[in-house]
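Reader: I would like to go through the labels used for this model and hear what each one rests on. Please set the values against the cut-offs.

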Amino acid sequence: MNFLKRVQGLIYPEKLTCDFCGREIFSGKLVCEDCERDLPKNAGYICFKCGRRTHMPTELCETCVGKELFYDGARSAFCYDGYARKGLVNLKFNNMRYLARTFAEYMRPVYLLSGFNADVAVCAPIGRQRLFDRGYNQSELIAREVCELVGLEFCPHALLKIKETQSQVGLTDEERTKNLRGSFAVNEDFDAEDKTILVIDDVMTTGTTINEIARALKRAGAKEVYALTAASVDADGRNKY
Ligand SMILES: [Zn+2]
Ligand SMILES: [Zn+2]
């Protein structure tokens, strides 16, 4: 950067607003102090398996107990509430793609502390029609940023959504499983054999999507499958999707 540019940068800082609330900030950070304090970090009691918030110390939440789980563990940076929820809706539906980086910044420490130690990362795929309509897959955007931050190899096209499914909103866990069964496939170019794979997605609700993806990856030979999401719905559904 030349001297003139640097002086201009001081007079007209490029980054002026908080990524979440839009308020002016001059710290050069992505998020203002108020949002930083109020963001619903997923830091309390969590289910040991799905990583979603529980309101009492427990090993496994009600959703995970007695369920056939193909993934080995999952963690999320936020609870699906407040500005985390708003931000993810804006990233997904309102073309605010820059938020992928913002969320990735918060997912980095969660991944590093998780002990998942993945060989490679993939993202939850969306159907062709949805990709065409939206123009991008929000999970891919997040995954790309996370992988850059933690230095992980990213295979964006490892998974395919081979069946268009109805929206999961309002469905029970059982209905979700039925709805998603057989809708994910592993791309034949992707070598899952004996690998520890990290699946990156935007929101974890009941964990059905991650579980169905893990089922496909394990069938393709994956050794372990873990998930990292920007946010998750509480295990007791208090912040229902
Ligand atoms: Zn803010
Ligand atoms: Zn659980």
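Reader: What makes Asp194 count as exposed?

Author: Its relative accessibility is 52%. Exposed means over 50% relative accessible area, buried under 20%, and partly exposed in between (1.4 Å probe, protein chains only). Asp194 therefore counts as exposed. The model is predicted: local features need pLDDT of at least 70 and side-chain atom pairs count only at pLDDT 80 or more, while totals for chains, interfaces and linings use all residues. Residues are numbered from 1 along each chain as its sequence is written, chains are lettered from A and ligands numbered from 1 in the order in which they are written, and side-chain values use heavy atoms, with hydrogens and water left out.

Reader: Where is Asp194 found, and what is its phi?

Author: Asp194 is in the loop between strand S4 (184-186) and strand S5 (196-204). Strands (E, at least two residues) and helices (H or I, at least four) are DSSP runs, numbered from the N terminus. Phi of Asp194 is near 65°, which is positive although the residue is not glycine. Most residues other than glycine have a negative phi. Asn95 also has a phi near 65°, and is placed in the loop between H3 and helix H4 (99-114).

Reader: Why is Asn95 called partly exposed?

Author: The relative accessible area of Asn95 is 46%, so the residue falls in the partly exposed class.

Reader: Which protein atoms are the donors of the zinc ion (ligand 1)?

Author: They are the SG atoms of Cys18, Cys21, Cys32 and Cys35, at 2.3 Å from the ion. Donors are N, O and S atoms within 2.8 Å of the metal (3.2 Å for Na, K and Ca); because water is not among the atoms, sites may look incomplete. Along the chain the spacing of the donors is C-x2-C-x10-C-x2-C.

Reader: What makes the arrangement around the zinc ion (ligand 1) tetrahedral?

Author: The angles subtended by the 4 donor atoms run from 106 to 114°. Four donors count as tetrahedral if all angles lie between 85 and 135 degrees; four count as square planar and six as octahedral if opposite donors are over 155 degrees apart and all others between 65 and 115; anything else is irregular. The arrangement is therefore tetrahedral.

Reader: What makes the arrangement around the zinc ion (ligand 2) tetrahedral?

Author: The 4 donor atoms there subtend angles of 105 to 115°, so the arrangement is tetrahedral. The zinc ion (ligand 2) is coordinated at 2.3 Å by the SG atoms of Cys47, Cys50, Cys61 and Cys64, and these donor residues are spaced C-x2-C-x10-C-x2-C in sequence. Cys50 and Cys64 both lie in the loop between helix H2 (33-38) and strand S1 (73-79), so the pair ties together parts that are 14 residues apart in sequence.

Reader: What makes Cys50 buried, and what makes Cys64 count as buried?

Author: Cys50 has a relative accessible area of 1%. Cys64 has a relative accessibility of 5%.

Reader: Why are H3 and H6 called roughly perpendicular?

Author: Helix H3 (residues 82-93) and helix H6 (residues 138-150) pack at an angle of about 110°, with axes 9 Å apart. Axes are lines fitted to C-alpha atoms, for helices over the stretch in contact, and angles run from 0 to 180 degrees between N-to-C directions. Under 35 degrees counts as roughly parallel, over 145 as roughly antiparallel, 65 to 115 as roughly perpendicular and the rest as oblique. H3 and H6 are therefore roughly perpendicular to each other. Leu88, Leu91 and Lys92 of H3 make the contact with Gln138, Leu141 and Ile142 of H6, where contact means heavy atoms within 4.5 Å.

Reader: What makes Ile210 buried, and which residues is Ile210 in contact with?

Author: The relative accessible area of Ile210 is 2%, so it is buried. Ile210 is in helix H8 (residues 208-219). Neighbours within four places in sequence aside, Ile210 contacts Tyr71, Val199, Asp201, Met204 and Ala227.

Reader: Why does Asn187 count as buried?

Author: At 18% relative accessibility, Asn187 is under the limit of the class and so counts as buried. Asn187 is in the loop between S4 and S5, and touches His157, Ala158 and Leu160, not counting residues up to four places away in sequence.
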